[in-house]
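The following note sets out several points for a student who is reading this structure alongside its sequence. Please keep both in view while working through the points in order.

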Amino acid sequence: MPRTREQLEHAPIAYFEAVDRKDMDAALGFFAEDATFTVQSAHITFAGRDEGIRQMFETFFTDYATIVHGVTNVINDLDVQILSAFWRQEAAVRRTCCRP
């Protein structure tokens, strides 16, 4: 089902809101079953929505007590099929105890 420009522009915001709420089902809902997710700053890629990406979120949600993102800009050019969002991580409060 085609999405409207407004729906596409809201997608990055809705994704980060789901992550910030630690809503696993909503966050995973943005990924295809065979998706890959790369954390560029850590040089790590997670494969599969229900395996690698789920595990990445489980660890992320456990390790951080609070997560806050802010989408600063969305670029939507449907003519060339590009949707890009610029965001900043405003806060990520790591729990005081760490996993071994």
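1. The protein chain exposes about 7000 Å², and carbon and sulfur atoms supply 53% of that area. Accessible areas come from the Shrake-Rupley method with a 1.4 Å probe, and for residues only the protein chains shown count as cover. Buried residues make up 24% of the 100 residues in the protein chain; buried means under 20% relative accessible area, exposed means over 50%, and partly exposed lies in between (1.4 Å probe, protein chains only).

2. A word on the source. This is a predicted model, in which local features need pLDDT of at least 70 and side-chain atom pairs count only at pLDDT 80 or more, while totals for chains, interfaces and linings use all residues. Residues are numbered from 1 along each chain as its sequence is written, and side-chain values use heavy atoms, with hydrogens and water left out.

3. The protein chain has three helices and four strands. Read from the N terminus on, these elements run α-α-β-β-α-β-β. Helices (H or I, at least four residues) and strands (E, at least two) are DSSP runs, numbered from the N terminus. Among contacts between residues at least 6 apart in sequence, 45% join residues at least 24 apart, where contact means heavy atoms within 4.5 Å.

4. Helix α1 has 17 residues and reaches 25 Å from its first C-alpha to its last, close to the 24 Å expected at 1.5 Å a residue. The expected span of a helix is 1.5 Å times one less than its number of residues. α1 bends by about 35° at Ala-11, and a proline, Pro-12, follows within four residues. The bend at a residue is the angle between axes fitted to the seven residues ending there and the seven starting there. Ala-11 is partly exposed because its relative accessible area is 23%. The C-alpha atom of Ala-11 is separated by 8.3 Å from that of Phe-30, which is 19 residues apart from Ala-11 along the chain. The buried residues of α1 are Pro-12, Ala-14, Tyr-15, Phe-16, Ala-18 and Val-19.

5. What follows α1? The residue there is Lys-22, whose phi is positive, near 60°. Lys-22 lies in the loop between α1 and α2, and its relative accessible area of 24% makes it partly exposed. His-43 also has a positive phi, near 55°, and is found in the loop between β1 (36–39) and β2 (44–47). His-43 is exposed because its relative accessible area is 74%. Most residues other than glycine have a negative phi.

6. Helix α3 covers residues 48–63; its 16 residues should span 22 Å at 1.5 Å a residue, and its end C-alpha atoms are 21 Å apart, which agrees. There is a kink of about 35° in α3, centred on Arg-54. Gly-48, Gly-52, Ile-53, Met-56, Phe-57, Phe-61 and Asp-63 are buried in this helix.

7. Which residues of the largest nonpolar core touch the most other members? Of its 16 residues, they are Tyr-15, Val-19, Phe-31, Phe-37, Ile-53, Phe-57 and Phe-61. α1 (5–21), α2 (24–28), α3 and β3 (64–77) each supply at least two residues of this core. A nonpolar core is a set of buried Ala, Val, Leu, Ile, Met, Phe, Trp, Tyr and Cys residues joined through side-chain atoms within 4.5 Å. Leaving aside neighbours within four places in sequence, Phe-57 is in contact with Tyr-15, Val-19, Met-24, Ala-27, Leu-28 and Phe-31.

8. The structure holds two salt bridges. A salt bridge is a side-chain nitrogen of Lys or Arg within 4 Å of a carboxyl oxygen of Asp or Glu. One joins the side chains of Arg-21 and Asp-23 (3.4 Å, N to O). Arg-21 counts as exposed, at 51% relative accessibility, and Asp-23 as partly exposed, at 28%. Arg-49 forms a salt bridge with Asp-50, the closest N and O atoms being 3.0 Å apart. Arg-49 is partly exposed at 22% relative accessibility, and Asp-50 is partly exposed at 36%.

9. Val-39 is found in strand β1. Val-39 touches Ile-44 and Phe-46, not counting residues up to four places away in sequence. Its relative accessible area is 24%, so Val-39 is partly exposed.
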